[in-house]
Amino acid sequence: MRTATAALILSTSASALKDDGWKTGLQFGDGGNMVLEMMPDSVASGAVCIDGTPSGYYFQPAANLDQNANNWQIYFQGGGWCYDTRDCWERSKGSLGSSKSWANTSSMGGIMSSDCETNPDFCNFNRVHIPYCDGNSFSGNRDDPIEYEGVQLHFRGKRIIDEVLKTLSAKYKLQDAENVLLTGCSAGGLATYLHTNYVGDWFHTNAKNLKRFKAASISGFFLDHTTIENQPVYPTEMKNIFELSNATHGVNSDCIAAMQPADQWKCNFAQFSYQHIRYPIMALNSALDSWQTNCIYTSVLPPNFPNQTGTENGLCAAITSYQNCTSDPEKCNSTQMVVMNKYIQDFEAIMTKDSSATYNKPGNGAFIHSCHTHCEAQSDAAWNQFTVNGMSMRLATMKWWESLDTTPAAANSYTPCQYHTGATGPRKCNPTC
């Protein structure tokens, strides 16, 4: 996995490719706002991490309970994916595949901040952070574990969602919820696209006083896209983990029903599940996302994939002639910048044209910018600083959150600019990045 270790907006240098940015604004340790609660029934119900350890969640109760007791934010943690059996075996040894070393508390910035100066719209909500340990965006739903190197590997992310909802209902009366924002970053942002219908259906069935359920995905719109050498590296990786984890029964069921069996793996991608989302959703994403430029656009498959003998988690920024460019667009030459802009163009076309019915659906919105970052909506600075057409990410999200489900999507949609391609820089087109 391209695992993250930094707590800053992602800057993907070639020497730091294991940092996929999902920890931007996210901190673990002691003294955080949200406290870890393990779920005692998760092993019996099969809602376990890759290594079979129990799952859990971090929770902070609402402030000002008289006003906010029934307001909730539920957050899917990110952390990339494992792509084949050996990769998932390696992942099972760490916190993205096992709960053995989970910290006692977590805290977060941006859209999940408890600081009301930074995040006045959601700071007082009940907050739930679901840690990520199944390897495929909470979509694995495989009954039988796979045994590898003497270890049983479990893929049960969908069951973790079920167990969290059940436990929160029993302990904290989640079924009394009135206003709910479902969110997540990176692989958790993808999970938001994959599971908005499922979680939304749960609330509409069980929360009798529900007034508003919406979803905001952060940096989760990963493209089904070839590399600059026209190789389907990332699609091949995602197809393999879809099949390995039995995600047919874990992703958006409406997407699965619309696909021919040979194409159902594509429902592991946001762009295909997005077309079938039934609840109001806001896309918060860079069209030149720094993880995607390195790990989709300029990546290669590990040797012998999907039966690799090493422990690579994909090979990011492996096209050496582009390493400087994908670490910082200001280092791109004019030809390379044209290639990078092509990714922005493709991103826009896939979201606004291929998925036009969802993109233009009343009640939806999108804040798509050009900053070369990842998970920036979890950063206090970027959350309030990044703007498009004079509107900050936070204010755009607040405006969408307060809008009616009948509000035209165009009223809450913001589109990216393209980088400058002249003989010399600067390249940046958005000065707030």
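Is Leu301 buried, exposed or partly exposed? Leu301 is partly exposed, because its relative accessible area is 32%, where buried means under 20% relative accessible area, exposed means over 50%, and partly exposed is what falls in between, computed with a 1.4 Å probe on protein chains only. The structure behind this value is a predicted model, in which local features need pLDDT of at least 70 and side-chain atom pairs count only at pLDDT 80 or more, while totals for chains, interfaces and linings use all residues. Residues are numbered from 1 along each chain as its sequence is written, and side-chain values use heavy atoms, with hydrogens and water left out.

The mean pLDDT of the protein chain is 93, and 95% of its residues reach 70 or more, pLDDT being the predictor's confidence in each residue on a scale from 0 to 100. Over residues 1-19, however, the pLDDT is below 50, although this stretch has 68 contacts in the model beyond near neighbours in sequence, a contact meaning heavy atoms within 4.5 Å. Where pLDDT is low, the predicted coordinates should not be read in detail.

Phe203, when residues up to four places away in sequence are not counted, touches Ile74, Leu165, Leu174, Ala177, Val180, Leu210 and Phe213.

A cavity here is a set of points, on a 1 Å grid over the protein atoms alone, where a 1.4 Å probe fits but cannot get out, and its lining residues have an atom within 4 Å of a point. The count comes to one cavity of 30 Å³ or more, and about 30 Å³ of space lies in the largest cavity, with grid points joined across faces, edges and corners and the volume taken as the space filled by probe spheres set on the points. Helix α11, residues 334-354, supplies the largest share of this lining, four residues. By class the lining has six nonpolar, two polar and one charged residues, where Ala, Val, Leu, Ile, Met, Phe, Trp, Tyr, Cys and Pro count as nonpolar, Asp, Glu, Lys and Arg as charged, and the others, Gly among them, as polar.

The loop between α9 and α10 brings the reader back to Leu301. Leaving aside neighbours within four places in sequence, Leu301 is in contact with Val233, Thr236, Glu237 and Leu315, and its C-alpha lies 9.2 Å from that of Glu312, 11 residues apart in sequence. Asn304 is found in the loop between α9 and α10 as well, and it has a positive phi of about 70° although it is not a glycine. Pro306 also has its place in this loop, between α9 (290-295) and α10 (323-327), and the peptide bond from Phe305 to Pro306 is cis, with omega near 10°.

Most residues other than glycine have a negative phi, and most peptide bonds are trans. Asn230, in the loop between β10 (212-218) and α6 (233-244), has a positive phi near 65°, and this residue counts as exposed because its relative accessible area is 56%. The peptide bond from Gly425 to Pro426 is cis, with omega near 0°, and Pro426 lies in the segment after β15 (413-414).

A last stop is His154, in the loop between β8 (151-153) and α4 (157-172). His154 counts as buried because its relative accessibility is 12%, and, leaving aside neighbours within four places in sequence, it is in contact with Val48, Cys49, Ile50, Asp51, Gly52 and Pro145.

Key:
1 Å grid on protein atoms, 1.4 Å probe; cavity = no way out; pocket = protein on both sides within 12 Å on 5 of 7 lines; lining within 4 Å. Helix = DSSP H or I, 4+ residues; strand = E, 2+ residues; numbered from the N terminus.
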